[in-house]
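Trainee: Could we look at a structure together and talk through some of its local features?

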Amino acid sequence: MFTGTHRRIVSIWFPRLASDRVLRARPVDGPFALSQRQGTAKTILCLNAAAERAGLHRGMRMADARSFCPDLVSAPARPDLDARFLASLRRWTERYCPWVGLEGADGLVLDVTGATHLWGGAGPMLADMRARFAQARIEVCLGLAATRGAAWALAHFGGTEEDLLTLPVAALRLAPDAVTGLQRLGLRRIGDLAASPRAPLARRFGPDLLTRLDQALGHSPEPVTPETEPPHFATRMTLPDPIGLESDVMAGLTRLLVALCAKLAAHHAGARRLVLTLRRVDQASQQVELRLAAPMRDPARIAPLFARGLTEVDAGFGIDQLRLEATQVEPLAPAQIGPAQSTGPDRLADLITRIGTRIGLDNILRFLPADSHIPERAFLIAPAAFSTAQGAFHAPRPRPLRLFAPEPIAAPGPALVAATPPRHFRWRAMPLTTARATGPERITPEWWLSDDGWRHGLRDYWRIETAQGRRLWLFFTPQNPGWFVQGEFA
Amino acid sequence: MSHTPLTAFPLRPARVHEVCGPAAPAFAACAAAGRPGPVLWLREAWLPETLNPLGLLPFLDPAGVLLARPANQIDGLAVAEEALKDGSVALVVLEITRPLDLREGRRLQLAAGAGRSTGLCLIPERMGSTAAETRWRAMPLFDPAREDSTLMRWEIIKNKSGTIGAWNVYWDAQAHRLDLVPPAGK
């Protein structure tokens, strides 16, 4: 536990967070409510002070509310936007102290221990908070105490730290049925509870009640967990005068890249996809996207890769804002650099990126080995930028250099139903004569995978060397007699 | 038929060459074998046949082959020019489907010269470009002496700086080298 210094915790409660968020963007003078759908009925989620004065309350059905208050303005609730709004408030509150956590869905908790003197004491700090939230038109209730539980109680039920014991038991963050149970026992205030014997209370209400009491009174610790913001990899530059030359845009981009890459380096990350947004003076904006073949953070290497994308930008009357964002980031550990450094893989990755801007990064492929005897499935083809060469290829028997879809051959008479290769046949309009046949190599279909190409059943593969020179890979399907060519050897 | 050793093979570096005939892919595989860097193989996306990495195995490690699938020949030429100019790939193999005009052929040559890298176009018969450094015709031959042979007849039918000729060769997968075969009966 903390010794020596007195802990100071501020709890901030936004009683009308959801409606304040909407009203900040679009002020409404009269009553206003946010509606949410509960089952088949629409009910009020949050409402402003004017609506409360008109007799409305949370959880009321919208139909009833409208009959009470015909000039009610309503809007649908957006809990996701509320959560984002609270997160941005949390980030803003870090101006008071670095240790800010979320308290439920409508509050914040700040550990201001050791930070209050920067504002001239706790009182001026709270006054500053109140003034700034009022200016932002956000209703706020503040509580300052030595523990998190007490600060919460003061924020929600008012008063000062001295009269904590006189607050109702609901200020202990208890479940509603526990509050009801305590009131039935006549324990209405926190002071009543603290003075009662503990063992019967624990038996009656479980350990949670006493934990909450101890946390509020400071007998057991309760930490404040500060949220961490994910790093945001974007930089921008606003220009006093519009620019239009490609070289000027490139110069601006280079400055942005230096800043962005420094940030990436600090987080041991490399950009995989970059988006450059160019805003023109007529408010239109154009985007140049760059997908990189490997994560990187070297400004001198990334800048030339943008060159092709920039040539397609129409500057119009000029560009006055550049924004560069790394929309996809991958971890990239710092690399050892030395005099004998090899630049081979880096140059190849740059080349793949440059080619990728022309034909698409998914169209540059590499071969990967696969575990199958079926010729078409004995290898995989994967985008080179998203895979690494791994494993070894293994061919126990010679395989053709080129594979194609099976092509039936033509042969005179019954030669095509015999299991031995035909002596003379025609393939692609060429008359061919078998000079040497090696085989058969029987390959059975993989029954656990359905493949239309193998519906003729198992295949006997033959390597046919023709007198004309062509070396073909033929197969015979004994279950459905027929001969097909599937590949050509080197 | 000449008994002289292969003069224009390995292919002259920093130039673009052409090969036609049924064994053109095998010629390209021989040309790619033993090169230190990766090989970029350009093949238009709509073409039906696929290159089989297991078939490449006797010649080179398929892990060093990058396959690019441009949508049409214009894209393919642009990618080939970019790769040749960059010089980080050892060999650029480009399968072309329509004849190159003089400008396109010349641009490839200039790019190869700038990047000090070698290019090889697999062309259909009689679709050669005037700018090519050498043009070869590769035909498979039946080999009565050896099984699993890769006997081929390579004819050089155009050579900008040398004589033309023809050789019978086969790829020795064990020794990993190209062997010349004296023509039979002579």
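Predicted model: local features only at pLDDT ≥ 70, side-chain atom pairs only at ≥ 80, totals over all residues.

Trainee: Where is A:Ala429 found?

Mentor: Side-chain values use heavy atoms, leaving out hydrogens and water, residues are numbered from 1 along each chain as its sequence is written, and chains are lettered from A and ligands numbered from 1 in the order in which they are written. Strands are DSSP runs of E with at least two residues, numbered from the N terminus. A:Ala429 is found in the loop between E15 and E16 of chain A.

Trainee: Is A:Ala429 buried or exposed?

Mentor: Buried means under 20% relative accessible area, exposed over 50%, and partly exposed in between, using a 1.4 Å probe and protein chains only. A:Ala429 has 62% relative accessibility, so A:Ala429 counts as exposed.

Trainee: What is the phi of A:Arg428?

Mentor: A:Arg428 lies in the turn of the hairpin that E15(A) and E16(A) form, with two residues between the strands. A:Arg428 is not a glycine, yet its phi is positive, near 50°.

Trainee: How many bridges join strand E15 to strand E16 of chain A?

Mentor: Two strands pair if DSSP finds at least two bridges between them. The strands run antiparallel, and the number of bridges is four.
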